[in-house]
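Dear colleague,

Please find below the sequence and the structure that I am handing over to you. My account of the findings follows directly after them.

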Amino acid sequence: MRALPTLIAGLWLALPCAAHADLLSAVNWARLHGCTASATRVPLQNSPKLQKVAGRLREGAALHDALAAVSYVASASAALHFSGTASDSQIAGMLTANYCRTLIDPALREIGAERHGRDVWMVLAAPVSMPTAADAAAVSRRILELVNAARAAGRRCGAKYFAPAAPLTLDANLTRAALAHSQEMARYGAFDHRGHDGSTPAQRVERAGYGAHRIVGENIAAGAMSPAEVTEGWLASPGHCENIMDGRFTQIGIAYAATPNPEVGLYWTQDFAAAN
């Protein structure tokens, strides 16, 4: 999650507690019209979850903890605390004069606010766009492209250098094994190569119907939200990198599964093998 600095200002408009529409209008006017040379022309959308986050900030919670408490997985976020009173036009002017960089950030798409007395806590954020089950084929193809690009170039994994290797091909049975393990990790919140039933990667590959094999390997990951992010993480880890670069492997299965835990988001599995 890319967190922007928490900002504190000294003025805010005196609004009734329920006047979220007036608040949103003032902020969006500043976002759309008050900052020069802005490429942003998309208004912020009110988010009930971010309203709850702002309420937790009022109670003293840190932004990261407040987002996690309401299961809001943010790709970008910023918190602002205003105290005092001002008119709508004054607050719009203050925002454009002092906070344009945050206000016009196109990565921030939603807003929530909480008012208590003369203080207002505001949260701007955007939810992570996690791949869905419908995206699985495209995600697998993209990871395969990134893996094969690394294999084609050759690579050092920690202290060991791997010469260029032949490309891997996707295998449906290995993908089935990878999906089953990702789903199991997501279901039980267990990040482990050993399955909940005690199974090993080789046993799961056999169970998925892969057949006789010379070698099996597995990479797992948690928390990455895109093909690029998870592949970069694997390549940066010597052991995972060695599996990707090992020329003995000829086929691969790739899958992921979502979890409601906002600290994790997705569990990923790569299963590698070579048939007899």
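**Findings**

In helix α10 (residues 238-245), the buried residues are Cys 241, Asn 243, Ile 244 and Met 245. Among the elements that cover these buried residues of α10 are α6, β7 (155-157), β8 (160-162), β10, α9 and β12. Please note that this is a predicted model, and that every value in this message is computed from it.

As to the overall composition, the protein has 10 helices and 12 strands. Of its 276 residues, 47% are buried. Among the contacts in the protein with a separation of 6 or more, 70% are between residues 24 or more positions apart.

**The four-stranded sheet**

An open sheet is formed by four strands in the order β9-β11-β12-β10, and its pairing is mixed. The edge strands are β9 and β10, each of which pairs on one side only.

With β10 (residues 213-222), strand β12 pairs over nine bridges; with β11 (residues 251-258), β12 pairs over eight bridges.

Which residue of β12 is the bridge partner of Ile 254? The partner is Gln 270. Gln 270 in β12 also stands opposite Asn 219. A further bridge links His 213 to Ala 275 in β12.

**Helix α6 and its surroundings**

Helix α6 lies across β9, β11 and β12, and runs at about 130° to β11. Helix α6 (residues 136-153) also packs with helix α9 (residues 227-236), at an angle of about 35° and with the axes 9 Å apart. The crossing of α6 and α9 is right-handed. On the α6 side, the residues that meet α9 are Val 139, Arg 142, Ile 143, Leu 146, Val 147 and Ala 150. Their counterparts in α9 are Pro 227, Ala 228, Val 230, Thr 231 and Leu 235.

Glu 145 is also found in helix α6.

**A buried aspartate without a salt bridge**

Asp 171 lies in the loop between β9 (169-170) and α7 (172-188). Asp 171 is buried yet has no salt bridge. The nearest side chain of opposite charge is that of Arg 176, at 6.8 Å, whereas a salt bridge requires a side-chain nitrogen of Lys or Arg within 4 Å of a carboxyl oxygen. Leaving aside residues up to four places away in sequence, Asp 171 touches Tyr 210, Gln 251, Ile 252 and Gly 253.

With kind regards

Key
Residues numbered from 1 in each chain as written. Predicted model: local features only at pLDDT ≥ 70, side-chain atom pairs only at ≥ 80, totals over all residues. Heavy atoms only, no water. Pairing = 2+ DSSP bridges. Helix = DSSP H or I, 4+ residues; strand = E, 2+ residues; numbered from the N terminus. Buried < 20%, exposed > 50% of the residue type's maximum accessible area, 1.4 Å probe, protein only. Lys, Arg positive; Asp, Glu negative; His and termini not counted. Contact = heavy atoms within 4.5 Å. Axes fitted to C-alpha atoms, helices over the stretch in contact; angles between N-to-C directions. Left-handed = near helix turned anticlockwise from the far one by under 90°.
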